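Biologist: I would like to learn how to read a few local features of a model. Please take them one at a time.

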Amino acid sequence: MSASPFILGIDLGTTNSLVGVVDSGFPILLADESGSRITPSAVNYVADGQVLVGGAALRKRSLDPQRTVTSVKRLIGRRPGEGDWQPPYHLRQLGTTPVQVSAEILRRLKAIAERALEQPVSRAVITVPAYFNDAQRNATKQAGELAGLTVERIVSEPTAAALAYGLDKLGEHQKIAVYDLGGGTFDISILEMREGVFQVLSTAGDTQLGGDDIDRALAAHLAPAGTDPAVFLEVAEAAKKRLSSGETTRVELPFYDGKNSLSVELSRETFEKLIRPLIERTKSHCLRALSDAGLSPDQLDEVILVGGSTRIPLVRRFVAKLFGREPNISQNPDEAVAMGAVIQAGILSGSLRHVLLLDVTPLSLGIETFGGLMNIIIPRNSTIPCKAGEMFTNAVVGQKDMLIRVLQGERELAKDNWELGRIVVPFPPGPKGSARVGVQFTIDANGILQVLARDTATGQDTVLEIQNTAVDVDDERVEQMIAESVEHAFEDMNERVWTEAKLKAEELLPAVETALAQFGDAVSEDERGLIQASAADVQRLLVAEPHDANALKKATAVLDDATQELAVRLVERAVEESLSRRGIT
Ligand code: AMP
């Protein structure tokens, strides 16, 4: 049997576990034979030696609690410093260990994957909480090996979540908070991207806080006096989930004790009042994690949500307020860790090689400058996010503003490129070259281009934001633009040389004329003749058809050379005059 190319990504959770794989370049989660992608982390040791895992084991829990193991991860993963946690079952009596129970869950996940992929799989990436120490990571690895899996890597859950949210593309030194509120545990982690990988700066949390506590609080609220709240746990959880989308819900449990029935209307408001104290308990952990990382909330670049309980609107509002920013909710919170494990597995197996490639700008971005030329600020194929800028000045005396046309494309002339937008930067009129306008282009990780123009004299900023067009360009249009730029490369270049030479000539000619008129006596007859002939040459070439860019450039250079002497004398004369005016000579 040839080795399978697949490496599984596994989220081995306290309450639920998930498995997935990168298939044909896509990370996917795999479903069991009944179509479920979530396997409860429950194991039931049937008396005859058979082992049930997942939903089947959970259904046995109330009938056979002594032989059913849930939340085994807590036994492997006690947070350092936390007191002993009493398991509600007797592993030793069952003749098993936490590692063996975890192995049963992993064996089940492996079987789900093999059934879905129709081939044996033997390698996996498994996630663990960020605070797991070496012994706990090793225990998890051992469980994988017992289940017949080579554990290629153990990945921290917040890191996996960040990968699933695509935050690896944010770039160096970006800081991320991962707020993870699941069924039974709460974790907060602060990550920083360093040299292309996430580092966990700090973690905090509570291994006894999660959706189960919310269910218990609601069940206690629903239970009529004198009844066992546990009876209402299931309807409480279902009602809780409905209130994540609806404003009110009816909770019904007929004949909960054989004769009485429950039927009440529950509003989100009442629910929120009830659970607020539980949610508030996450606050101190968040503050501690931030302080351990030496950060304030405004230094974070993203806050992401993980765990099913973060679907609760109150949790989202609470997080937004605590961190002073809207959390990123672009991924399924209960699948993010598993998806990240799958992505990591895909990278290791080589089937997702491109996922870490940063986005690039498909075409150059720039602005139009004097003479209608394209001035590139961010060249094509620059990795994003990126930032670049340049200084510009006024070309005309008394100019009151500058029109900045933001362009995209590979052609030398502005008119052949695409205009993405324009801004007008006002400045106080003055001599030519007196204005100083800094233009800065910033493309963020989402491909949004921000153009900032600053009049450095007044500090006045003008900002233009361009959504996505900077990065999201149809492949076909990109190809066409590049093909055109190649096709027209020669004439385009000629046009650019011509425009530049023309600008220079048009600047030089009147200056030479003025100088000759004022200080013509300062040069010899020969020199004067040479200057006039060169100037005539330039003038002729300026109007000659067809344009001869190179000839004009040469003639302008000759004129420039010929006037060097004149220029030096002009300066000398000016200095002399100024000195004598002040009575120094
Ligand atoms: P996890 O550990 O990420 O699988 O989270 C499981 C917890 O999320 C359980 O307590 C669920 O009741 C809770 N949960 C799942 N979906 C929702 C929802 N839509 N609204 C509120 N809680 C939910």
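Biologist: Where is Glu118 placed?

Modeller: Helices (H or I, at least four residues) and strands (E, at least two) are DSSP runs, numbered from the N terminus. Glu118 sits in the loop between helix H4 (98-117) and strand E8 (123-128). This is a predicted model, where local features need pLDDT of at least 70, side-chain atom pairs count only at pLDDT 80 or more, and totals for chains, interfaces and linings use all residues. Residues are numbered from 1 along each chain as its sequence is written, and side-chain values use heavy atoms, leaving out hydrogens and water.

Biologist: Is Glu118 buried or exposed?

Modeller: Buried means under 20% relative accessible area, exposed over 50%, and partly exposed in between (1.4 Å probe, protein chains only). Glu118 has 72% relative accessibility, so it counts as exposed. Its phi is near 60°, a positive value in a residue other than glycine.

Biologist: What is phi of Ser71 near?

Modeller: Phi of Ser71 is near 50°, also positive in a residue other than glycine. Ser71 belongs to the loop between strand E7 (68-70) and helix H2 (73-76). With a relative accessible area of 15%, Ser71 is buried.

Biologist: How is a pair of packed helices described?

Modeller: Two packed helices are described by the angle between their axes and the distance between the axes. Axes are lines fitted to C-alpha atoms, for helices over the stretch in contact (heavy atoms within 4.5 Å), and angles run from 0 to 180 degrees between N-to-C directions. Helix H7 (residues 211-222) packs against helix H8 (residues 233-242) at about 110°, with axes 8 Å apart. H7 is therefore roughly perpendicular to H8; angles under 35 degrees count as roughly parallel, over 145 as roughly antiparallel, 65 to 115 as roughly perpendicular and the rest as oblique.
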